[in-house]
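Here are my notes for anyone opening this one for the first time. Have a look at the model, then read through the points in order.

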Amino acid sequence: MVEKIYILRHGFRLNWVTTNWKSVTGLPRDPPLAALGETQAKEVAEFFLSLPESERPTAIFSSPYYRCIQTLLPVSQALKIPIYVEHGLAEWYSPVAPNTGLHPRPGPASSLLEFHPPGSIDPDGWKSIHYPSRKGETIAQIHDRIEEFLNDFIPLRPNTERVLFCSHAAPIAAMVHVSKAIEILGLGLDVVPSPSFLDRARAGSRSKSLMGSIWKGALSASGVSKMSKRTKGRLCMTKASPGLREM
């Protein structure tokens, strides 16, 4: 049973600034961080270094997407601990429209090593225990995925371990929701401060988070509740990435 779980959303994405970007990994929908996001990542590392050593994370787990691992690199270097990749923390996609293929999925940790500094990812110390469906998920299914992941994850980790998760808006909102049901709040659950949404508002961005926002350590996930009522737990289907077909 872990002692504490820190939750962090990735930094400011490059595709929030421009449509002219290239995927480092070659995977569709896998943008890197913008310069602002890289600065935020360094600030997160400074935040953890400012904590007493007895409160700092002792293990780091990341969504396999490039922007999440990139956000964690300064933390990993500052705390001198590697990053473990966990697909259970991966991005949420709504259900695919029929006959359009599948959503993209990053490969295992070993396939991501070439895109990051040597030693930053440990592909052997942890193997992903959950994989989201490439056919997409409803709101209920993203909650189920996160709840199953947490229920399976927590007993596998050592006592007194302090874990840092880096994920995406929807999985984080779901994590805060389901954490109450499975009582991991009794261990200690902290949402790490992240100014992404406020910075987007200051920049004049019109885009809004469907699943809530993180600011000053508090996550407001009321959006997911409103959406659930409006759609009865279902979402409009989206087209999958061209060429990605189920074999």
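How many nonpolar, polar and charged residues are in the lining of the largest cavity?

1. To start with that question: the lining splits into 6 nonpolar, 3 polar and 4 charged residues. Keep in mind throughout that this is a predicted model.

2. A bit more on the cavities. There are 2 of them at 30 Å³ or more, and the largest has a volume of about 110 Å³. Its lining is made of 13 residues, and the ones closest to the centre are Tyr65, Glu91, Tyr93, Pro104 and Pro132.

3. Now the overall layout. You'll find 7 helices and 7 strands in the protein, and going along the sequence they come in the pattern β-α-β-α-β-α-α-β-α-β-α-β-β-α. Contacts between residues 24 or more positions apart make up 77% of those with a separation of 6 or more.

4. On burial and surface: the protein has 247 residues, and 53% of them count as buried.

5. The largest nonpolar core is worth a look. It has 23 residues, and Phe61, Ile146, Leu150, Phe153, Phe165 and Met175 have the most contacts inside it. At least two core residues come from each of β1 (4–9), β2 (59–62), α4 (139–156), β4 (162–167) and α5 (169–182). The largest share, 7 residues, is from α4. As a general point, nonpolar side chains in soluble globular proteins tend to be buried together.

6. Leaving aside residues up to four places away in sequence, Met175 touches Ile7, Leu89, Ile146, Leu150 and Phe165. There is also a second, separate core of 21 residues, and Tyr6, Ala45, Ile60 and Leu164 are among them.

7. Finally, two backbone spots to check. Most residues other than glycine have a negative phi. Lys80, however, has a positive phi, near 60°. Lys80 sits in the loop between α2 (66–79) and β3 (83–85). Is Lys80 buried or exposed? Its relative accessible area is 71%, so Lys80 counts as exposed.

8. Asn99 is the other spot, with a positive phi near 65°. You'll find Asn99 in the loop between β3 and α3 (109–112). With a relative accessible area of 74%, Asn99 is exposed too, because the cut-off for that label is over 50%.

Terms used:
Residues numbered from 1 in each chain as written. Predicted model: local features only at pLDDT ≥ 70, side-chain atom pairs only at ≥ 80, totals over all residues. Heavy atoms only, no water. 1 Å grid on protein atoms, 1.4 Å probe; cavity = no way out; pocket = protein on both sides within 12 Å on 5 of 7 lines; lining within 4 Å. Points joined across faces, edges and corners; volume = space filled by probe spheres on them. Nonpolar A, V, L, I, M, F, W, Y, C, P; charged D, E, K, R; others polar. Core = buried A, V, L, I, M, F, W, Y, C linked by side-chain atoms within 4.5 Å. Buried < 20%, exposed > 50% of the residue type's maximum accessible area, 1.4 Å probe, protein only. Helix = DSSP H or I, 4+ residues; strand = E, 2+ residues; numbered from the N terminus. Contact = heavy atoms within 4.5 Å.
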